[in-house]
Amino acid sequence: MSTVPDVSTEPNIVILSSPEEVDSMAAQHVIKQIHNKPDSVLTLPTGATPVGMYKLLVKAYQDGQVDFQHVTVLNLDEYWPISKNHQESYLQFMYRNFFAHINIPEKNRLIPNGEAKDPEEEATYYESIIQKYGPPDLAVLGIGPGTTCHIGFNEKGSTRNSRVRYVLLDQETRIANAKFFHDIDEVPTGALTQGIADILEAKSILMLAKGPGKAWGIHRSLYGPIGPEAPASFIRDNPSVTVLLDLESASQLPKA
Ligand code: F6R
């Protein structure tokens with residue numbers, strides 16, 4: 001396994017006037033990556049934040065501006081346990097929002113199996129997949145809500161060397177994600193997630209945040225100490241980071 005170089009460079013923080021501009025710049029960033037390297041390996045997130053970006057990527061594909069034929073996607077995470085048919089599984093999310101509308105081959109869509117009998121075995125298997133196809137050229141990330149500062153489902157306490165594993169979700173995460181389910185009791189208690197080391201090994205990182213619920217975590221992660229108390233802070237150990245923020249998520253950052 002390759003190791004993460006111990007370098008801290010300043011992330012390129014871009015503050016945009018609307019959430020739609022975040023979507024647009026994020027889509028352009030991904031398209032540029034694929035134009036530069038048509039067989040790019042992308043680590044991709046789910047959640048509310050990237051939905052607009054996926055819509056624009058689908059439109060760009062339909063307009064003939066980008067081709068996903070040689071792209072490989074390594075999803076960040078999946079609930080465990082969850083049925084592959086569950087509308088809120090990340091498998092279904094990716095299909096509904098992205099894969100169903102573009103020309104990425106099925107064999108190039110890689111995501112942890114939420115139906116695996118043994119989550120530890122599945123974690124070991126998914127790590128081997130990442131090692132086989134990675135390191136990713138670009139990892140697109142959201143950031144967890146409130147004080148979680150999670151990336152993937154690396155909740156507080158996740159270490160810099162962590163790899164794919166089964167994790168328990170913080171209650172704050174489950175409360176935030178209850179909006180996607182009928183009831184909080186339906187939100188799975190656990191997940192399979194890429195580890196911090198897997199994410200940092202990407203050649204570049206694009207983090208997206210929108211809305212007031214991300215303001216505290218963005219400030220803490222970009223300006224506070226780097227460490228497991230704020231897992232998103234670890235992105236500052238990657239040498240090529242771009243952070244796209246709307247005004248609300250940037251509201252606690254120091255004024256230039
Ligand atoms: C999802 C993921 C999570 C989300 C985060 C923010 O695949 O990795 O880290 O990015 O929970 O979710 P939203 O965008 O719904 O606020």
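These legends describe close-up views of a predicted model.

**View 1. The seven-stranded sheet is open and parallel.**
The strand order is β1-β10-β9-β6-β2-β3-β5. β1 and β5 stand at the edges with a single partner strand each, so one side of each has no neighbour in the sheet. β1 pairs with β10 in the parallel sense, over five bridges. Within that pairing, I15 has L245 of β10 as its bridge partner. Strands of a sheet pair through backbone hydrogen bonds, either parallel or antiparallel.

**View 2. Strand β9 is largely enclosed by the rest of the structure.**
β9 spans residues 205-209. Five of its five residues are buried, which is why the strand counts as largely enclosed. Both faces are covered. I205, M207 and A209 are buried on one side; L206 and L208 are buried on the other. In a regular strand the side chains alternate between the two faces of the sheet.

**View 3. β9 pairs with β6 and with β10.**
β6 covers residues 138-141 and pairs with β9 in the parallel sense over three bridges. A139 stands opposite I205 of β9. β10, residues 241-246, also runs parallel to β9, and five bridges join the two. Here L206 has T242 of β10 as its bridge partner.

**View 4. Helix α7 packs against strands of the seven-stranded sheet.**
Which residues of α7 are buried? They are A215, G217, I218, R220, S221 and L222. These buried residues pack against β1 (12-16), β9 and β10.

**View 5. The three-stranded sheet is open and antiparallel.**
Its order is β4-β8-β7. The edge strands are β4 (77-80) and β7 (165-168), and each pairs on one side only. On average, neighbouring strands of this sheet are turned by 30° against each other, direction ignored. β7 and β8 (residues 190-193) pair in the antiparallel sense over four bridges. Y166 has L192 of β8 as its bridge partner. V167 stands opposite A191 in β8.

**View 6. Strand β7 has one covered face and one uncovered face.**
R165 and V167 make up the covered face. Y166 and L168 make up the uncovered one. Helix α4 lies across β7, along with β4 and β8, and runs at about 130° to β7.

**View 7. Helix α4 has a buried side and an exposed face.**
α4 spans residues 119-133. Its 15 residues reach 21 Å from the first C-alpha to the last, close to the 21 Å expected at 1.5 Å a residue. Which residues of α4 are buried? P119, E122, A123, Y126, E127, I129 and I130 are. They cover an arc of only 155° around the axis, which means that they sit on the same side of α4. An α-helix has 3.6 residues a turn, so residues three or four places apart point the same way. The face turned away from the buried side carries the exposed residues E121, T124 and K132.

**View 8. Helix α4 lies across strands of both sheets.**
In the three-stranded sheet, α4 lies across β4, β7 and β8. In the seven-stranded sheet, α4 lies across β2 (41-44), β3 and β5. Its direction is about 145° to β3. What do the buried residues of α4 pack against? They pack against β3 (72-75), β4, β5 (109-110), β7, β8 and α6 (196-200).

**View 9. T43 is a buried residue of strand β2.**
T43 has 1% relative accessibility, so T43 counts as buried; the cut-off is under 20%. Leaving aside neighbours within four places in sequence, T43 is in contact with L74, L76, P136, L138, A139, V140 and Q194. How far apart are T43 and D198 in sequence and in space? They are 155 residues apart in sequence and 9.7 Å apart in space, C-alpha to C-alpha.

Definitions and conventions:
Residues are numbered from 1 along each chain as its sequence is written. This is a predicted model: local features need pLDDT of at least 70, side-chain atom pairs count only at pLDDT 80 or more; totals for chains, interfaces and linings use all residues. Side-chain values use heavy atoms; hydrogens and water are left out. Buried means under 20% relative accessible area, exposed over 50%, partly exposed in between (1.4 Å probe, protein chains only). Two strands pair if DSSP finds at least two bridges between them. Axes are lines fitted to C-alpha atoms, for helices over the stretch in contact, and angles run from 0 to 180 degrees between N-to-C directions. Contact means heavy atoms within 4.5 Å. The expected span of a helix is 1.5 Å times one less than its number of residues. The arc is that of the directions from the helix axis to the C-beta atoms.
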